[in-house]
Amino acid sequence: MSTGLILSLVLLAGALIWYGIEKSRRRSHAMDGGIHTDITLPHEAPFELYSNAFSHCSRKARLAMAELGIAYIHRPIDLVETGQYQTISPAYLKVNPAGILPVLVHNGHPIYESDYILKYAAAHAGPDAPQLTPDDPQKLAAMNEWLDYCNITNDDPLGNPEGRLGPCVPALTMPIFVTMMQCISFKKLIPGLLFHPDKKRPFFFSAAKLFGLRGLMRAKPLTDLVGDARDAARNHLKKLDDALGASQGDWILGDQFTLADITLASALLRIAETGWLDYFKSLDDLPHVAAYYERLQARPSWQTAITDKQHHLVEQGSNDLKALLKDDQLIKSTLQPLAN
Ligand SMILES: N[C@@H](CCC(=O)N[C@@H](CS)C(=O)NCC(=O)O)C(=O)O
């Protein structure tokens, strides 16, 4: 056997051993929503929040913490969109073996799943905190319906866009994912290709990086997915506009600002930063949605939870996407055709 061949075999064996070790350090599995008192994580403050600037579910959690006035240590975690696959790092998988954000930690015990986090925070804020869940059982049920309506499920995040706004959110986000990927070096995508448990995601991000938005506009399954979400979201916004018009106060359930407003705020933010809100407003009269979104942005919680935590790559991706929608006819007509 030649020395070159022996060397190649040794290198190959070394690479396989490295891969096996790294993969075993990044084992992940689903976690139930709610508090896990059987787990105690290292912590420095009663409340700690692991979240990402761009993540829709993280924004919900930060808005809730800000509204409730709960002091916490913020532990920012990157998604590949904001620079790296930190959610599949061995360190983060110790915090959440499901490898997703956000996670609230209370006295060391993690609370998984954003809607559980919202309700937990509302129930454990101090006595002076505003009440974000209604006492009235009918309103409470309505609040829970809005939470479900906007929720992104783990098993089928894109499923049933006609039925709920939540699944429309990731699909409508696709175009900004693509523009954000242009700011990330390909090297940063490799850990995802090697270790991400959901291979669809890193393959999509790699294709986004390689082909750009114009290139991806030729992939019919993708444009169909975005198109279905767009048509469904348009109906959802009309429904939301009607509900806001019928509300007896400034918020979706009347005068009381609730967790329902928080989940809607985060969904509207994503729809706005990806250029869809302007598009939907150009097709339909959405006066109540437009005024509601302004009221949400005017709340101090928006400054603390959103503006102060904004990530420069999100801003850049949003501006680049809006410029492409303005200047590139193929992108514009594929993503945002005029209503017939
Ligand atoms: N059902 C979960 C969904 C959480 C989720 O999908 N989080 C995304 C960010 S919005 C995530 O962490 N993804 C990990 C990844 O992209 O690798 C919740 O409501 O908390």
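**Ligand contacts**

Reply: Start with Ile 152. One of its backbone N or O atoms lies 2.7 Å from a nitrogen atom of the ligand. Keep in mind that this is a predicted model.

Me: How much of the ligand does the protein bury?

Reply: The protein buries 89% of the 520 Å² that the ligand exposes when taken alone.

Me: What does the side chain of Asn 154 do at the ligand?

Reply: A polar atom in the Asn 154 side chain lies 2.8 Å from a nitrogen atom of the ligand.

Me: Which residues come nearest to the ligand?

Reply: Glu 113, Ser 114, Ile 152, His 196 and Arg 201, out of 16 residues around the ligand.

Me: How does that shell split by class?

Reply: Six residues are nonpolar, eight are polar and two are charged.

Me: Which pocket holds the ligand?

Reply: The largest pocket.

Me: Switching to the whole chain. How is the chain divided?

Reply: Into domain 1, residues 34–124, and domain 2, residues 137–335. Their contact takes 26 residues from domain 1 and 44 residues from domain 2.

Me: How far apart are the domain centres?

Reply: 21 Å, taken over C-alpha atoms.

Me: So where does the ligand lie relative to the domains?

Reply: Between them, because domain 1 and domain 2 both give residues to the shell around the ligand.

Definitions and conventions. Residues numbered from 1 in each chain as written. Predicted model: local features only at pLDDT ≥ 70, side-chain atom pairs only at ≥ 80, totals over all residues. Heavy atoms only, no water. Near = heavy atom within 4 Å. Polar contact = N/O pair within 3.5 Å; in protein donor to acceptor, adjacent residues only side chain to side chain. Areas by Shrake-Rupley, 256 points an atom, 1.4 Å probe, with all protein chains shown as cover. 1 Å grid on protein atoms, 1.4 Å probe; cavity = no way out; pocket = protein on both sides within 12 Å on 5 of 7 lines; lining within 4 Å. Sits in = over half its atoms within 2 Å of the grid points. Nonpolar A, V, L, I, M, F, W, Y, C, P; charged D, E, K, R; others polar. Domains from an automatic or database assignment. Contact = heavy atoms within 4.5 Å.
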